[in-house]
Amino acid sequence: MRRFEFVIERGLFLCALLSVATTVGIIAVLAVETAAFLREVPIVDFLFGTEWTPLFSTPRFGVLPLVVGTTLVSLIAMLVALPMGLLSAIYLSEYANSSVRRVLKPVLELLAGVPTVVYGYFALLFVTPLLQQVFPNLAGFNALGPGIVMGVMILPLVSSLSEDAMRAVPIGLREGSYALGATRMQTSLRVVVPAAFSGITAAFILAISRAIGETMIVAIAAGQQPRLTWDPTVPIETMTAYIVQVSLGDTPQGTLEYRTIFAVGMLLFLGTFGLNLVSAWLRQRYREEYS
Amino acid sequence: MSTASTRPLPGSLGELASRNVAPPPSSSEPCKIEAKHLDFYYGQKRALEDISVQIRPHLVTAFIGPSGCGKSTFLRTINRMNDIIPGTRVDGQVLIDNANIYGPGVDVVQLRRRVGMVFQKSNPFPKSIFENVSYGLRINGMVSSKSELAGQVEESLRQAALWDEVKDRLHESALALSGGQQQRLCIARALAVRPDILLMDEPASALDPIATQRIEELAYDLKKKYTVVIVTHNMQQAARVSDYTAFFWLGRLVEYDRTDKIFTNPTEKLTEDYVTGRFG
Amino acid sequence: MTNAMRRSLDVAFQALSLLVLLLALAALAALIVDVVSDGAGRLSWDFINGYPSRRASQAGIFPALAGSIFVILLTALLALPIGVAAAIYLEEYGRRNFVSRAIEINITNLAAVPSIIYGLLGLGVFVRLMGMGRSVIAGAATLALLALPVVILSTREALRAVPGSIREGSYALGATKWQTIWHQVLPVATPGILTGLILSLSRAIGETAPLITMGALTYVSFAPDSIWSSFTVLPIQIFNWVSRPQRDFHANAAAGILLLMALLLTMNGLAIWLRDRYQKRLAG
């Protein structure tokens, strides 16, 4: 009986260890291929080069166009998601009564449950044509349409995490403010939001990480033309869309062109991983503040 | 076994003098449970200090004392239930049938089968009445056929004075029973694995007076076959039900003697203050 | 600022934040209306049963539908036992030591890694290193890794919700730790575990990027017939059609989206029904 229990415990432990193995696997796969890549392409050329044409006959491996493309779309998405998400959170946390919350919150969560390929469809075939009526110069593939749609998709994440942070603020702080005759707006903006600052910042950073890692919306609607530009009206390519592009093609395995997807993937992983760590650290801080 | 509901029990301290008192301690009969200089720690905090006591077999022994005095903690050392809580530590010995249960190589699982426990808030499993009682038998491999299992379940429910009330609905959910019935089910469940000792941790504190009376009568009956230790914060209950009483205070054992003596003529002033209601 | 000004500013602010919230919901409504109007006409039994074709009006979605269902079932078969086992270890056996903390931190981090990275992992490890090729099983293994953190987190919550009194009662009868877990804790936690699994699967069924990256095909004219066969899934088929310039294919994509959303609604509905039904059971 003792031995059986011991075997069971070991088996369960191995399953738990799989998560560590997954992280090790991700790092190993990316590192091995990136190292092979960097043996042929100097890292300075990769990180600071301004032309990305790995599939051309005279290939260039400067990743900046992809990075800028990713940053541009994410920036537009954050311009939508952060203020709108925060305002929604303030409304749900400080103004709405419980029956309104009970209806609105799950519906808002639905936005987060829609598959990203559906959002891509929406961005390409509805939002971009709509925007073209306002901006006639807008190309069919651009950064603006998918950026806005991505912002709407990430909004529930910002809203729910910010709301959690605001609800963790002790009610005594609010009552103190109301007792002094402050309005709800003044209390929310001057007392609650600053008190929930680390939690809200953690939410923002996680949202940025989510935007950077998003693939299908940009693969469908942003284009496949790596271009070093901050112009949201022209086609660009993001890091994630590039990986999809190569995966769909016929690039043979083991070639330098093939390895580029791992090198770009490594950059993507490091960026999101760093952001996630900062966000988790901030969230730990705000939990400690109020416990 | 007489029907429990009709036999009267001593209802007040004054009647104690006329009831059958427990036999005086005899050196020929070995004690069932013995603690020797037992210290117990929750982390750094010492909850029990130098407890030494000898509990006799086939009697009801009550542990009394104010909240937080350590009586439940000591009860739980007897079946090592405190092992589940992280950070606890034991110094000294607890012996059952002269073997130290905290010694090396002791099989805690077997120990807990021999020492049954009933908790303050009844905790039947969210299964049927039958499955609640049969669970202990099945996991300990104590029966080899379905008919034997059914027989054991019936026997245990009879011992707990619950059989007549549930015999027609054995496969209904245990959670549908009343509070008192659930507690008797927990007693049946504990008895099913044929323990020698039954520990009861304030078993009636969540029950109404009638259900409480039935539990008390049951505890009194069970001592014919088992050694019963009952923790209670209700002194009248201790006086009604037990043969020996141990009074705990702030983690120490203040006095341990026959129940009639504790409640009519205690040796320690502290005991006298407690049982006369001056504190606690 | 006078009181009247402050109060009207407050009302304006409240209106603004409510407006913003409703705007987001309006976007969702616009999306639904758009997809339904584009695709409802195309949705038919022939479409669901048919095979892809160069002629948009004759194209069907069956291989992708079969692929999606096949992959998701395999993913569930992989993710459930491993996820539940890991959660049981962390919740019931784990001590407050370095290894357990490291595992927990890993799981939280993995939940936030972009899904396309899992595709690269699947490509490197399952497709190439383990030689599974671009098969259904490799795809399922990739998605299982993706789903695992969520399954583990929701299983842990389900285990935590089991009252400690049930565990105590079991130990007091002389049960071992595993007997207690298997006979008492798991049965009570099962509805919560299944709900978490179904929810994580409903996310996985909409995943496109990791499967494209590990090599699922975009033009497949057959339904997968074994775990080693190549395959495609609904979202990839939708992606394929939406990437074509012809408008007729866009209608196909919209119809595919409606099918995908119907699958999602069914799965989520199932999860909610399961949770409600078992909550009533526990109440006795």
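Modeller: Two residues are taken to be in contact if their C-beta atoms, placed from the backbone, lie within 7 Å. The model is predicted, and the values that follow are computed from it. With that criterion, consider the contacts in chain C between residues at least 6 apart in sequence: 76% of them join residues at least 24 apart. The secondary structure behind this pattern comprises eleven helices and zero strands in chain C. Along the principal axes, a box of roughly 75 × 70 × 40 Å holds the C-alpha atoms of chain C. Chain C has 284 residues, of which 50% count as buried.

Turning to the neighbour, chain C places 16 residues in contact with 23 residues of chain B. On the side of chain C that touches chain B, helix H7 (164-172) and helix H8 (177-204) of chain C each supply at least two residues. H7(C) gives the most to this side, with six residues. By class, the side of chain C that touches chain B has seven nonpolar, eight polar and one charged residues.

Within chain B, one helix pair can be described in detail. Two packed helices are described by the angle between their axes and the distance between the axes. For helix H3 (residues 129-139) of chain B and helix H4 (residues 146-159) of chain B, the axes come within 9 Å and cross at roughly 110°. H3(B) and H4(B) are therefore roughly perpendicular to each other. The crossing in which H3(B) passes H4(B) is right-handed. H3(B) contributes B:Phe130, B:Val133, B:Ser134 and B:Leu137 to the contact, while H4(B) contributes B:Leu149, B:Gln152, B:Val153, B:Ser156 and B:Leu157. Sorted by class, the contact of H3(B) with H4(B) has six nonpolar, three polar and no charged residues.

Chain A may be considered by domains. Its domain assignment gives domain 1 (2-40) and domain 2 (64-289) of chain A. The C-alpha centres of domain 1 of chain A and domain 2 of chain A lie 30 Å apart. Seven residues from domain 1 of chain A and eight residues from domain 2 of chain A take part in the contact. The side of domain 1 of chain A that touches domain 2 of chain A has, by class, four nonpolar, one polar and two charged residues.

Key
Residues numbered from 1 in each chain as written. Chains lettered and ligands numbered in written order. Predicted model: local features only at pLDDT ≥ 70, side-chain atom pairs only at ≥ 80, totals over all residues. Axes fitted to C-alpha atoms, helices over the stretch in contact; angles between N-to-C directions. Helix = DSSP H or I, 4+ residues; strand = E, 2+ residues; numbered from the N terminus. Parallel < 35°, antiparallel > 145°, perpendicular 65-115°, else oblique. Left-handed = near helix turned anticlockwise from the far one by under 90°. Nonpolar A, V, L, I, M, F, W, Y, C, P; charged D, E, K, R; others polar. Buried ≥ 20, exposed ≤ 12 C-beta atoms within 10 Å, placed from the backbone. Domains from an automatic or database assignment.
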